[in-house]
Amino acid sequence: MMHTLFDLTEKIALITGSSQGIGFAIARGLGQMGATVVLNGRDVERLNRAVSTLSSEGLKVFGYPFDISDSSQIDQKISAIEREVGSIDILVNNAAIQRRGALESFEESVWQELIQTNLTSIFLMSKRVAKGMINRKSGKIINLCSLMSEISRPSISPYTASKGGVKMLTKAMAVEWAKYNIQVNGIGPGFIVTEMNKVLLEDQKFDAMVKARTPAGRWGLPSDLAGAAIFLASRASDYVTGHILYVEGGLLSAL
Ligand SMILES: NC(=O)c1ccc[n+]([C@@H]2O[C@H](COP(=O)([O-])OP(=O)(O)OC[C@H]3O[C@@H](n4cnc5c(N)ncnc54)[C@H](O)[C@@H]3O)[C@@H](O)[C@H]2O)c1
């Protein structure tokens with residue numbers, strides 16, 4: 001029997017960048033708790049495959065391809081989802097990109113692309129989706145943070161700056177919208193086996209570092225993030241807001 005505290009039946013969840021990786025695993029987790037899930041991505045074929053996979057598992061799923069970094073598309077696409085699927089109760093701002101390189105030679109245009117995708121799009125998407133949540137006085141927003149919301153390492157300074165920004169934007173949104181009964185929280189994954197980390201997974205030294213540095217002794221899997229997302233999307237977290245839940249095998253607690 002489903003525990004009612006975590007039951008998401010009747011809820012509609014939009015998860016950005018969810019045709020693979022962490023977003024896909026979160027969508028599957030929310031769907032398994034009864035939510036109707038709306039997947040998003042830019043690659044239509046990959047999105048369609050993800051929709052087919054989840055619907056073959058018996059989940060209620062829709063796919064809406066659009067680029068969350070293109071502010072001119074957001075209003076139209078969210079309006080279409082609201083009209084065709086229903087009011088969005090849960091927004092998971094998951095889509096992000098990584099661009100590696102030495103800070104001293106990092107191109108300004110790439111910096112702008114990364115900040116637009118990882119940080120500005122969360123402001124734009126949340127602002128638009130929150131309209132309905134504010135009217136209904138109810139909503140859950142979950143922003144994907146990172147270990148890099150707290151610490152950094154060479155070659156990923158722009159990403160670190162964006163994820164530090166996402167952490168503080170999460171707190172700011174939580175403070176502004178608590179009066180509308182909207183809870184805004186973050187999930188901070190540790191090192192997770194996804195496409196984004198392909199080069200790191202192939203680097204034996206890096207792989208050994210992750211296993212040695214993480215108290216749990218392993219990389220995380222996308223499915224490791226589902227429980228945190230279900231908690232933050234459900235009634236179980238109605239008095240939790242502005243919190244960043246790190247799902248990192250204990251890494252941030254260890255020297
Ligand atoms: N993998 C990790 O170790 C890790 C660690 C910490 C945080 N995160 C965060 O978790 C989230 C998911 O990461 P992942 O590892 O699953 O990455 P991923 O690259 O596998 O998936 C990200 C998805 O977002 C999509 N996307 C990117 N830009 C988009 C745009 N403009 N519009 C629509 N979709 C877009 C990509 O196409 C991709 O499908 C990201 O916010 C990432 O920063 C990941």
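Author: α3 passes α4 in a right-handed crossing. A crossing is right-handed if the near helix is turned clockwise from the far one by less than a right angle, and left-handed if anticlockwise. Helices here are DSSP runs (H or I, at least four residues), numbered from the N terminus. The model is predicted: local features need pLDDT of at least 70, side-chain atom pairs count only at pLDDT 80 or more, and totals for chains, interfaces and linings use all residues. Residues are numbered from 1 along each chain as its sequence is written.

Helix α3 covers residues 71-84, and helix α4 covers residues 108-136. Their axes come within 10 Å and cross at roughly 30°. Axes are lines fitted to C-alpha atoms, for helices over the stretch in contact; angles run from 0 to 180 degrees between N-to-C directions. α3 and α4 are therefore roughly parallel to each other (angles under 35 degrees).

Now the residues. α3 brings S71, I74, D75, I78 and E82 to the contact. From α4 come L124, M125, R128, V129 and G132. Contact means C-beta atoms, placed from the backbone, within 7 Å. The contact of α3 with α4 divides into 5 nonpolar, 2 polar and 3 charged residues. Ala, Val, Leu, Ile, Met, Phe, Trp, Tyr, Cys and Pro count as nonpolar, Asp, Glu, Lys and Arg as charged, and the others, Gly among them, as polar.

A second pair is α1 with helix α8 (residues 226-233). They pack at about 55°, with axes 9 Å apart.

Technical notes. Helices (H or I, at least four residues) and strands (E, at least two) are DSSP runs, numbered from the N terminus. Angles under 35 degrees count as roughly parallel, over 145 as roughly antiparallel, 65 to 115 as roughly perpendicular and the rest as oblique. Two residues are in contact if their C-beta atoms, placed from the backbone, lie within 7 Å.
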